[in-house]
Amino acid sequence: MAENNNSSTSWQQSAAQKRAAVHALIPDAWRISQVPATEERLNIAGDYIRQLLSIRETEITETEATDILAKTTSGAWTAREVALAFCHRAAIGHQLVACLHEIFFDAAMAEAERLDEYFAKHEKPIGPLHGLPVSLKDQFHVKGVETTMGYVGWIGTFQGKSDTAKEKVFESELVRELKELGAVLFCKTTLAQAVFTFEPLNNIWGYTYSPLNRRLLAGGSSSGEAALIAMRGSPLGIGTDYAGSIRVPASLNGLYGLRPSSGRLPYQGAANSNDGHSIMSSVLGPMSTSVGALRVMVQAILSQQPWLHDPLVVEMPWRAEDHISRRKLSFGILRQDTEVAPHPAISRAVNLVIAAIEAMGHEVVQWKPPLHAEMYQLKNEISACDGGHNIHGDLRLSGEPPVSRIPMTFGTEPKEPMNAMEIAALHIRKREYQKEYMEYWNSTAKVTSSGRPVDAFISPLIPFTGMRPGWNRFTVNSSVVNVLDYAACAFPVTVADKTVDVMDTGYKPRSERDAYNIAMYDAELYDGAPVGLQLVGRRLQEEKVLALTELVADGLAEMRC
């Protein structure tokens, strides 16, 4: 699509045509004649969707990913019946919360049938992910499927360029590997414009809402993945994380989401904003309803030796952490950052995790790292180092306006980009901050009972309970992990309770952002909203992070019994 700013409606027409084209791919039998009003059905993730499915489809779609694999790899369930059930549920979910950017159900069914034929002939699965439906954030290229990344100007193009033939044959490295492993890819999900905000909004689909409370948003930028998985329209999906874009929506939707360190999983061939900025890299990671599902996915991808196909992937096969619970562990606890206090439900979640850890016989110590405020400033400078030329260039393709925080970060017009010396200085500042944080982590050996540094630290991802449209000046705690390039996993803890999570009326805000966060709080609105935290390990410690997250999750489950 050529640049066109002459008509204020041209981008709107293109977006409308795209929405109509995707909607047309939903079979007539799966269409909802009348979407219920939000106030009539706040939560549509369970009973409402079940009434539109068969008993068999409900059984399949509400089975956890590792249990699905136990069925499909043994021949107990066919890949076709599993794919059909998830395609149906995803189609229903999209009509309710706008979570799909691309639908390719026909291709998924054809692939599932091919897998079934292979199993019938060879009496074994084609790979460890045989028959598992997997959804993808709309940054990953799949042959014959468009990628827009939330840009109207990318519609009908290959990443904004007129080489549409490439879209028909090009695939991201991850996509190639997932197919080799036997996964059934069936849809691509919505994301925030330019994958650069936590508010899940773009000019093609508008907002993506949480299926658990349709007055609240799914979070971003991996918004569609979180929404789809939360309503069991996908058993496992792949998102990306630049400053918390996997972990924040996972937390807001009661899911697990892994942010690996850069270089662990293959990003080769995926679309991205500011591609080539190497100071702080976006990474891909899995999202699902269990730690076991995340582990299975990471193990499977690493079995493909992605370091042979992506030059930035570290040659590091899977390293088992089966021994992790055999000794007393130490966890750092960061209750809040210095600038913004968390909402009551988040503070309660931290207390629940502390109680669970101590009940298992492990210890917690207070986490007092170098000031995160310095890191937030550094992250903002890194993000905007090109002066916004990349993002504004893609917006100009259609003349569409920037949304959410894009103007706050990149202005309404491109600015002078940093020069080579200024970018080098950012690299140095980041390295120095990483070194300072590393030495602090090492120093915790002085305060643990074992004399070893803490095994991981746990903190809030966000200081707010839920996200509502238009409130986009969010402060987040997630991005420190990205600057440090640590491995981290979001995990669910509890849900907000309006009778328990009461704001202290005498609290005095410490900053403008603190006051903004307090003004957001509405105990009635957030009642029942999922509340999660993140567990953070050192760089390239994905296996340990998953093992520790599972241990904490088990401890929380034991407390509920």
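Visitor: What is the expected span of a helix?

Guide: The expected span is 1.5 Å times one less than the number of residues in the helix. This model is predicted. In it, helix H5 covers residues 79–97, which is 19 residues. From its first C-alpha to its last, H5 reaches 27 Å, close to the expected 27 Å.

Visitor: Is H5 mostly covered or mostly exposed?

Guide: In general, an α-helix has 3.6 residues a turn, so residues three or four places apart point the same way. Here H5 is mostly covered, with 16 of its 19 residues buried.

Visitor: Are Cys-99 and Cys-187 buried or exposed?

Guide: The cut-off for buried is under 20% relative accessible area. Cys-99 has 0% relative accessibility, so Cys-99 counts as buried. Cys-187 is also at 0% and counts as buried.

Visitor: Where does UniProt place the feature "active site"?

Guide: The UniProt entry, which is unreviewed, places "active site" at Lys-137, Ser-221 and Ser-245. These positions span 109 residues in sequence, yet no two of their C-alpha atoms are more than 10.9 Å apart, so they gather at one spot.

Visitor: Where is Ser-221, and what is Ser-221 in contact with?

Guide: Ser-221 sits in the loop between strand E7 (213–217) and helix H9 (223–230). Ser-221 has a relative accessible area of 1% and is buried. Leaving aside neighbours within four places in sequence, its contacts include Lys-137, Thr-190, Leu-191 and Ser-245. With the side chain of Lys-137, the side chain of Ser-221 makes a polar contact of 2.7 Å.

Visitor: Where does Ser-245 lie, and which residues does Ser-245 touch?

Guide: Ser-245 is in the loop between strand E8 (236–241) and helix H10 (247–252). With 6% relative accessibility, Ser-245 counts as buried. Not counting residues up to four places away in sequence, Ser-245 touches Lys-137, Phe-198, Gly-220, Ser-221, Ser-222 and Thr-240.

Visitor: What joins the side chains of Ser-245 and Ser-221?

Guide: A polar contact of 2.9 Å joins them.

Methods
Residues numbered from 1 in each chain as written. Predicted model: local features only at pLDDT ≥ 70, side-chain atom pairs only at ≥ 80, totals over all residues. Heavy atoms only, no water. Helix = DSSP H or I, 4+ residues; strand = E, 2+ residues; numbered from the N terminus. Buried < 20%, exposed > 50% of the residue type's maximum accessible area, 1.4 Å probe, protein only. UniProt positions renumbered as here; feature names shortened; annotations may be inferred. Contact = heavy atoms within 4.5 Å. Polar contact = N/O pair within 3.5 Å; in protein donor to acceptor, adjacent residues only side chain to side chain.
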